[in-house]
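Notebook open. I list what I looked up, entry by entry.

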Amino acid sequence: MLLLGCIKEVSDYELAISLPNGLSGFVPVTQISDAYSKLLTKQVAQGELLEELNSLPDMFSPGTLVRCIVTSIEKSDDGRRSIKLSIDPKKVNKGLNSTALAAGMLLSGSVLSVEDHGYLIDIGVTGTHAFLPHQKAKNYIKAVKKGPDLKIGQNLNCLIVEVKNEGRVVSLSIDRSEVAASIATERQNWALSNLLPGLVVKARVQKVAPLGMKVAFLSYFTGIVDFMHMDPEKSMSYSPDQVVKACVLSVHPTSRAVRLTLRPPFLHAGGAPRQLPGQRMGAVLEEATVKAFYKQFGAVFELDDGTLAFARLKHLSKTRKSFKPGAFKEGCKHKCRIIDYSLMDEMCIVSLKHQIIEAQFLQYQDIHTGDVVQGKVLSLKPIGMQVKVADGIRGLVPSLHLSDVILKQPEKKYSIGDEVKCRVLECNPGGKKLILTLKKSLVQSKLPVLSNYEDAKPGLITHGFVVCAREFGCIVKFYNDVKGLVPKNELGSEPISCPEKVFYEGQVLKVMVLKCEPQQERLLLSFRLSSKPGPEDKWKCTPEEKQEVKYQIGKIVDVKILKKRDNGLEVSILEDEDNVVAWIPTLHLSDFVATSKLLWHCLREGDVLPRVMYLSDKGEHIILSRKSAVISAVQEEQVVRSFSEIQPGMLLTGYVRNVMPFGVFVEFPFGVTGLAPKMSMSDKFVTDTKDHFVVGQTVIAKVMSIDEEKQRVLLSLKVSECSSGDSAAESFALLNQYFKELKEIRDLLRRGKPSICEFVPGKRVHLVVQDVREDGSALFSGSSATGLTVTATHYHLGDKNIAPGEKRKTFVLHVDALTSEVYVSLREELLKQRP
């Protein structure tokens with residue numbers, strides 16, 4: 001079904017559309033146009049922002065009329081229906097073909113590309129090239145003020161100026177005065193199969209009835225104008241045979257019903273309906289007068305300012321049984337509340353339901369950060385709890401905020417349907433995002449709500465919650481994502497050596513503001529509520545800044561392992577009296593990915609790692625690296641400290657940050673990143689990028705080209721291009737480093753699994769046959785193989801017949817320290833070799 005709609009709201013991912021008769025629909029970002037969808041796909045594939053791809057708010061404005069086609073109607077869990085729409089010209093104009101195009105036609109188009117003398121426009125007609133000259137677009141661009149040019153995917157009202165070559169080439173105009181003056185005529189040969197909403201026509205009244213009237217237009221078409229779309233000023237004065245100007249609102253493909261409107265703003269193509277003043281939304285009106293009652297639809301009311309409003313049948317009473325038609329005779333007065341505004345009907349939508357009139361919130365805009373709200377539990381998920389605050393308003397309570405303490409089993413405390421009292425942590429009406437807290441200390445707090453940095457005046461005392469406790473202090477969060485640092489010396493009246501043991505994530509505490517820099521969004525706090533804000537100069541260098549000065553990229557330190565995490569090691573820097581906590585990702589333990597995993601496996605908490613390099617301070621931790629090639633590159637100054645230092649031809653040592661289907665992203669010390677495209681990854685032909693590189697791998701890359709404007713670096717990882725000349729010396733140095741690290745691992749293994757060190761590839765060991773499996777392989781045991789799985793495959797048993805309990809001489813083939821597996825052979829040709 002084709003409909004004329006008006007944009008109500010614009011977000012990054014969809015357009016909310018007001019449709020006729022108080023309905024609403026949504027256009028997803030993928031239903032704008034073919035060209036726009038291709039750019040979206042390209043951006044997702046490349047993993048970086050494209051310059052030519054503009055966001056929906058950059059291209060669309062509330063109040064603009066658009067032609068839509070219904071793609072689907074979905075029903076939600078609570079029984080509500082959601083109308084999904086498309087404004088893609090290929091779908092909207094699918095009834096048109098090139099031979100049907102004629103000068104003077106008005107239709108939807110979408111910008112396909114920007115050319116030297118104008119724009120190529122997609123009008124959705126196969127085999128037709130549509131061109132919009134700059135001259136015919138400049139007035140529109142000036143009026144819309146969305147930038148100097150039209151943008152790819154921008155939806156336009158296009159008037160056909162000229163048709164050439166039997167419709168294969170058409171020239172267009174979007175000039176507002178030309179579009180507004182256009183009227184559909186019989187000469188344009190419109191058919192019911194391609195009739196478009198938005199066309200302005202001259203219509204003749206055929207029949208007038210209480211619910212609307214029947215009109216004829218374009219010679220042989222008939223259509224209906226319902227009661228909501230008659231001109232309010234003339235609704236009682238229409239008579240048969242009267243000629244009126246009308247605009248097509250919708251075309252139904254199966255019933256072939258055409259609906260039109262006589263409302264003035266629609267009688268000029270591209271017009272804009274009247275908006276409702278913002279302060280009227282949600283207003284409660286003591287007396288609204290019934291103008292007309294329609295038993296199947298609802299009632300039209302006149303409001304206190306003379307405007308008309310419509311109440312659907314279900315909004316006239318609490319239930320169907322309590323509904324009394326006699327109370328809605330013309331002139332009766334009722335209390336009501338404005339709950340919505342239909343742009344397409346230019347009418348307020350009102351409700352007479354008592355619970356809606358009394359409701360605290362109707363829309364996200366009514367809710368403010370710090371408000372205490374009542375809600376009903378809808379669902380419990382790993383990320384948190386979904387709460388219904390009002391009809392159409394839902395909020396999320398993150399798992400951290402379900403209670404003052406962390407709940408391991410929230411389902412034991414909360415059940416679906418429970419009434420809960422929450423406080424609003426964050427509300428973003430545009431994105432319909434509502435974050436709530438159930439922490440009693442925050443919900444019941446009488447202290448001021450800190451929701452922006454400007455309000456953080458020195459001396460202010462308020463409640464906040466701990467999000468991170470580390471060696472340097474605690475990071476505390478407030479409302480609207482405002483956060484600050486409580487340095488170590490302000491954690492309490494007595495010195496606290498290990499804050500992470502005293503404070504926990506989610507803990508609610510009273511804090512005092514010491515200093516705030518709103519522009520930098522920096523906030524310094526104290527848990528010592530009696531302490532006074534010190535002089536300005538005392539806070540000029542925060543603990544983080546001191547730390548930055550102390551640890552510069554390239555500094556070599558010794559560290560002690562505090563904790564082994566799944567993806568790395570938490571360590572403390574030894575020569576620092578403050579015992580600063582840092583992080584070594586597993587992949588930074590060695591230049592070799594397999595060795596990194598082995599090292600992580602062998603190391604224990606309490607071990608000391610010498611000669612580790614400070615790499616960066618991204619995120620919460622200082623990041624350290626033990627990659628010897630990266631350390632050498634920094635020490636020998638074979639690095640670039642910023643983008644401006646990069647020159648084509650440079651050879652730089654870095655590590656793989658990401659492997660994508662189109663190439664490999666490589667990061668270098670000091671944070672510079674480059675891309676090696678698929679064609680520059682290897683001297684061999686690359687089918688799958690994952691077959692050649694893995695994340696964390698140390699690489700030498702050659703800078704091929706740089707784009708200063710876009711701050712992009714293109715690299716080559718081809719071995720033939722990335723050698724500095726003496727490739728033999730480089731290879732031996734790498735091998736030497738590899739064997740050195742293997743020896744280190746062997747020494748570490750000796751203390752945990754001494755038996756594995758007895759097995760060296762090439763060594764001969766006497767073992768006892770433990771079992772012979774069905775597949776022909778054999779398992780061995782022995783005093784030297786305690787805690788190990790020793791296996792010989794069927795092939796490596798040779799022609800020997802073996803039985804459990806026999807003692808045999810074996811040849812060690814491979815040792816897997818990670819899985820504690822050893823592979824051996826009994827083949828004579830291996831056992832006879834000289835050791």
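I started with the domain assignment of the protein chain; such bounds come from an automatic or database domain assignment. I read off domain 1 (283-358), domain 2 (364-444), domain 3 (453-526), domain 4 (555-619), domain 5 (632-721) and domain 6 (753-832). I looked up one separation: the C-alpha centres of domain 1 and domain 5 are 66 Å apart.

I noted the ground rules. This is a predicted model, where local features need pLDDT of at least 70 and side-chain atom pairs count only at pLDDT 80 or more, while totals for chains, interfaces and linings use all residues. Residues are numbered from 1 along each chain as its sequence is written, and side-chain values use heavy atoms, with hydrogens and water left out.

Next, the UniProt record. Its unreviewed entry annotates "domain: S1 motif" over residues 1-88, 104-175, 198-263, 370-439, 459-528 and 649-718. Positions are given in the numbering used here, feature names are shortened, and annotations may be inferred rather than shown by experiment. I checked two spans. Residues 104-175 are 10% helix and 47% strand, with end C-alpha atoms 13 Å apart. Residues 370-439 are 0% helix and 54% strand, and their end C-alpha atoms also lie 13 Å apart. Helices (H or I, at least four residues) and strands (E, at least two) are DSSP runs, numbered from the N terminus.

Then I looked at the barrel. I found 5 strands closing in the order E31-E32-E33-E35-E34, with mixed pairing. Two strands pair if DSSP finds at least two bridges between them. The twist averages 55° from one strand to the next; axes are lines fitted to C-alpha atoms, for helices over the stretch in contact, and angles run from 0 to 180 degrees between N-to-C directions. E32 (residues 568-573) pairs antiparallel with E33 (residues 581-585) over 5 bridges. In that pairing, Ser572 stands opposite Val581 in E33. Helix H11 (residues 628-635) packs on the sheet and touches E31, E34 and E35 (contact: heavy atoms within 4.5 Å). H11 runs at about 60° to E34.

Is Lys515 buried or exposed? Lys515 sits in strand E29 (residues 508-517). I count Lys515 as buried because its relative accessible area is 12%, the classes being buried under 20%, exposed over 50% and partly exposed in between (1.4 Å probe, protein chains only).

Last, the hairpin. E14 (residues 243-251) and E15 (residues 258-261) run antiparallel, joined by 4 bridges. Cys247 has Thr261 as its bridge partner in E15. I found 6 residues between E14 and E15, and Arg256 in the turn has a positive phi of about 60°.
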